[in-house]
Amino acid sequence: MSFTIPVPGVLEEEAARRDPAAEPPHTGSALAMFPGQGSQRPGMAQHLLARYPDTAGRVLREAGRALGAPLAEICVSGTAEQLAQTQITQPAVLAVGLATYEVLRREHGFTPAAVAGHSLGEYTALVAAGVLAPEDAVRLVLRRSALMAEVGKRVPGAMSAVVGLSSARVEALCREGDIPGVVEVANYNEEWQTVISGELAAVTEAGRRAGEAGAERVVPLRVGAPFHCSLMREIEPEFAAALDRCSFADPIIPVLSSVTGTWVRSGAQARRLLRAQLAGPVRWLDVLHTARAAGLGPYVETGPGRVLNGFARHTVPEATVRSTNDARHITALLRAGAH
């Protein structure tokens, strides 16, 4: 089956606002895109600490204190195996995204017209928009990752990227009644790349059928749990309690939600969306369509990796897309004046 219906009582007002051009921010200005889990790599903060030790170091040290771990050291010298652990990966990617953003903002005057984050990256986007305090974001991500890891231990789960089939075709495959167990669409990344998530046997079978239906590739993802599917719904109440302990302000920079693909209008709405995000799919394709309709550009992937750059190039081919995952790309961004 496919989880594409908004969670009752949470997303009704968001679902009613599907006009992608509604209330656009400043036309022709940058969209800062914050990546999520899967963008981590060994040494991903080394260039930041080498060139901006004060600004980047402060962010990573503060995040490490909230985490209770030497995060700066992990983001410079941690192994791929360390960074593959969900409870390390998520705070580390968050912290490097925040450090990158602070370097661009404080050191170079980078002022995006809007922000968006892919899954985990939504927490980074909310900090950048003034909705969440950085230490609250780290604590929430730590709790989120711990709860997700518990689901992963209880349920033999999996995720796979299906490349070369439309999302509608993938949804239909997930709904086929004879597939054993839970398999649902987890990520609408681009027109021809959709991620499925659920129980291992069901994801494996749906992937096999996708290959028979003409998918170019079905790529199993190295993840610690079946994210963004209904198997995560059991942890919603516990995570909601953690959300309730944090303050959520209204955005000072427009935020696009990866849960709805539309604008976040208040701190209260942001809180509801973070709960819904656990079991709901990432609608990144809708985020990019909304950004395009708003006239945003360039698209700046702010943090480690270049995954979101690829999605943007395939979805908005006319757009200028920039990355910040090393010193060379940051220099190119600044020379281009993408402020």
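Visitor: Which strands does helix H14 lie across, and at about what angle does helix H14 run to S4?

Guide: Helix H14 (residues 307–315) lies across S4 and strand S5 (193–199), and its direction is about 70° to S4. Axes here are lines fitted to C-alpha atoms, for helices over the stretch in contact, with angles from 0 to 180 degrees between N-to-C directions. Contact means heavy atoms within 4.5 Å. Helices (H or I, at least four residues) and strands (E, at least two) are DSSP runs, numbered from the N terminus. Please keep in mind that this is a predicted model, in which local features need pLDDT of at least 70, side-chain atom pairs count only at pLDDT 80 or more, and totals for chains, interfaces and linings use all residues. Residues are numbered from 1 along each chain as its sequence is written, and side-chain values use heavy atoms, with hydrogens and water left out.

Visitor: How do I read a sheet, and in what order do S4, S5, S3 and S6 stand?

Guide: Strands of a sheet pair through backbone hydrogen bonds, either parallel or antiparallel. Two strands count as paired if DSSP finds at least two bridges between them. Here four strands make an open sheet, ordered S4-S5-S3-S6, with antiparallel pairing. Strand S4 (183–190) and strand S6 (217–220) are the edge strands, each pairing on one side only. On average, neighbouring strands of this sheet are turned by 25° against each other, direction ignored.

Visitor: How many bridges hold S4 to S5, and how many hold S3 to S5?

Guide: S4 and S5 share six bridges, and they form a hairpin with two residues between them. Valine 183 has glycine 198 in S5 as its bridge partner. S3 and S5 are joined by seven bridges, again antiparallel, with alanine 161 partnered by valine 195 in S5. On to S6: four bridges link it with strand S3 (residues 157–163), and valine 162 stands opposite valine 218. S5 is mostly covered, with six of its seven residues buried (buried is under 20% relative accessible area, exposed over 50%, partly exposed in between, using a 1.4 Å probe and protein chains only).

Visitor: What is the strand order in the sheet of six strands?

Guide: That open sheet runs S8-S7-S2-S1-S9-S10, with mixed pairing. Strand S8 (263–264) and strand S10 (321–323) are at the edges with a single partner strand each, so one side of each has no neighbour in the sheet. Strand S1 (residues 31–34) runs parallel to strand S9 (residues 299–301), joined by three bridges, and leucine 31 stands opposite tyrosine 299. Helix H15 (residues 327–336) lies across S9 and S10, at about 135° to S10.

Visitor: How do I describe two packed helices, and at roughly what angle do H3 and H6 cross?

Guide: Two packed helices are described by the angle between their axes and the distance between the axes. For helix H3 (residues 53–67) and H6, the axes come within 8 Å and cross at roughly 150°. That makes H3 roughly antiparallel to H6 (angles under 35 degrees are roughly parallel, over 145 roughly antiparallel, 65 to 115 roughly perpendicular, and the rest oblique).

Visitor: Which residues of the largest nonpolar core touch the most other members?

Guide: In soluble globular proteins, nonpolar side chains tend to be buried together. A nonpolar core is a set of buried Ala, Val, Leu, Ile, Met, Phe, Trp, Tyr and Cys residues joined through side-chain atoms within 4.5 Å. The largest one has 76 residues, and Val115, Leu132, Leu140, Met232 and Phe248 touch the most other members. Helix H6 (residues 86–108) gives the largest share of this core, eleven residues.
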